[in-house]
Amino acid sequence: MPSLQSVISCLSDYDPSALTVDQVASILDNVIEPIRGIEQVPIRDALDRVLAEDIVSPIDVPAHDNAAMDGYAFSGVALAHAGADGVTLDVAGKSLAGDNTGVAPSLTQAVRIMTGAVMPAGCDTVIPQEFVETIDGGDGDVGREKNPRIRFAADAVRAGDNRRLRGEDLARGQAALQNGRILRPADIGMLASLGIPEVKVRRRLRVAFFSTGDELRSIGEPLDPGCVFDSNRYTLHGMLRRLHVDLIDMGVVRDDPEALEQAFRTACENADAIITSGGVSVGEADYTKQTMSRLGEVTFWKIAMRPGRPMAFGRITSDGHDALLFGLPGNPVAVMVTFYHFVRAALHRQMGADVPPLPLFPVRSAGPIRKKPGRTEYQRGVLTRGADGEWEVRLTGQQGSGVLRSMSEANCFIVLGHDQGSIAAGGKVHVMLFDGLI
Ligand code: AMP
Ligand code: MG
């Protein structure tokens, strides 16, 4: 991996005490490299894992031209020879899904066909059964009548309608899935449709995390005066679970140089990345920062953002092992904002995943929003439909960086860009949604 120093020295206007959000993202992107380990797993177990190979389709999908509707297959040429009362065809046979009867109708014949069944030779069109009138008293089924015939209006279909072409989903040799993709249910289904039983994926990333701060109490301990329950570790646990990494929860580490050094060393020897919260603010009178600096190359940033201004980043080493270190601020909302806006992408990069940035959508702000230019803000919003049916966003109440309720109530971030100023009611803002379908 390139050293942090070498990456930083390439930035023209690097100032650790006034970094923009974009500069931080670019430093992380340039410093971090993917882990190397790869394993082969059955496709069901590959869900949410990072694909470590390109998948090229070994077959045509579908393997044959087939019917997209239940109805009758025929040659589109017959449409040009329609009589005054439409197209009349003799029913010459049947093609059900899964069989290949080898019926070869003539130009004046049709074949009863079910969705997914192979198109008979010479047929390129399917007339859905609801457009068809069966004549000679039959229902069009072969065997029920001596000479079943069908009739339909010539303009009910065009030649080639209601037929799926061989290789239409994926042609043999075509790229199906790319190295770096995080596999989703549709991808697993697609692998199955190609007959592929196993794929190569990256090994799971191992992430260790702990909280620092003498005021923290764990659940079950008495809450002494001036103390708070450690919530960051639970939030981090939840956020990391969603990334499908292996977790090492190291609890609360007290503000003691030996305890901290031991925790950092253990984390470093067992994990690819370490996430801590607390103790990185300027003027913080504790040992967290000193210990981080002593064990590796760590920088302490003040980022032009809100919430989440202080953050430490670097790489520490212990006993020949190294690990990335993300020292997040202590405030509960700042932990979540720095995690979602920096750590998430950084861990994706480290796990070898190629994940495009999340989209931002412009919507109307229901009320005015105060904002100072010169920093990026991630306010917490609730996106709903306004009375006129348009989407609009309002702030959740209290926006303080310690108010975790603001994250819990919100369904999106309102992302206010670095140079943006205050917004009037009805003005446009960008939102980033918390929830997705998949
Ligand atoms: P710090 O960044 O250590 O100065 O912490 C900033 C604020 O976040 C303080 O009010 C801390 O009490 C609070 N805080 C720090 N760590 C945690 C934690 N793990 N859970 C809940 N609150 C925390
Ligand atoms: Mg602290």
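**View 1. The largest pocket holds about 1,600 Å³ of space.** Of its 39 lining residues, Arg242, Arg344, Leu358, Phe434 and Ile438 come closest to the centre. The model shown here, and in every view, is predicted.

View 2. H7 gives the most, with 5 residues.

**View 3. The lining of the largest pocket includes nonpolar, polar and charged residues.** Nonpolar residues number 23. Another 9 are polar, and 7 are charged.

**View 4. The second largest pocket holds about 790 Å³ of space.** Its lining has 29 residues. Nearest the centre lie Ala25, His341, Ala345, Pro357 and Leu358. By class, the lining has 17 nonpolar residues, 7 polar and 5 charged.

**View 5. Helix H7 gives the most to the lining of the second largest pocket.** H7 supplies 8 residues here. Helix H2 (21-31) and strand S23 (376-385) each supply at least two.

**View 6. Domain 1 and domain 4 each give residues to the lining of the second largest pocket.** Domain 1 covers 15-20 and 207-351. Domain 4 covers 361-433. Each provides at least three lining residues.

Terms used: Residues are numbered from 1 along each chain as its sequence is written. Chains are lettered from A and ligands numbered from 1 in the order in which they are written. This is a predicted model: local features need pLDDT of at least 70, side-chain atom pairs count only at pLDDT 80 or more; totals for chains, interfaces and linings use all residues. Side-chain values use heavy atoms; hydrogens and water are left out. On a 1 Å grid over the protein atoms alone, a cavity is a set of points where a 1.4 Å probe fits but cannot get out, and a pocket is an open set with protein on both sides within 12 Å along at least five of seven lines; lining residues have an atom within 4 Å of a point. Grid points are joined across faces, edges and corners, and a volume is the space filled by probe spheres set on the points. Helices (H or I, at least four residues) and strands (E, at least two) are DSSP runs, numbered from the N terminus. Ala, Val, Leu, Ile, Met, Phe, Trp, Tyr, Cys and Pro count as nonpolar, Asp, Glu, Lys and Arg as charged, and the others, Gly among them, as polar. Domain bounds come from an automatic or database domain assignment.
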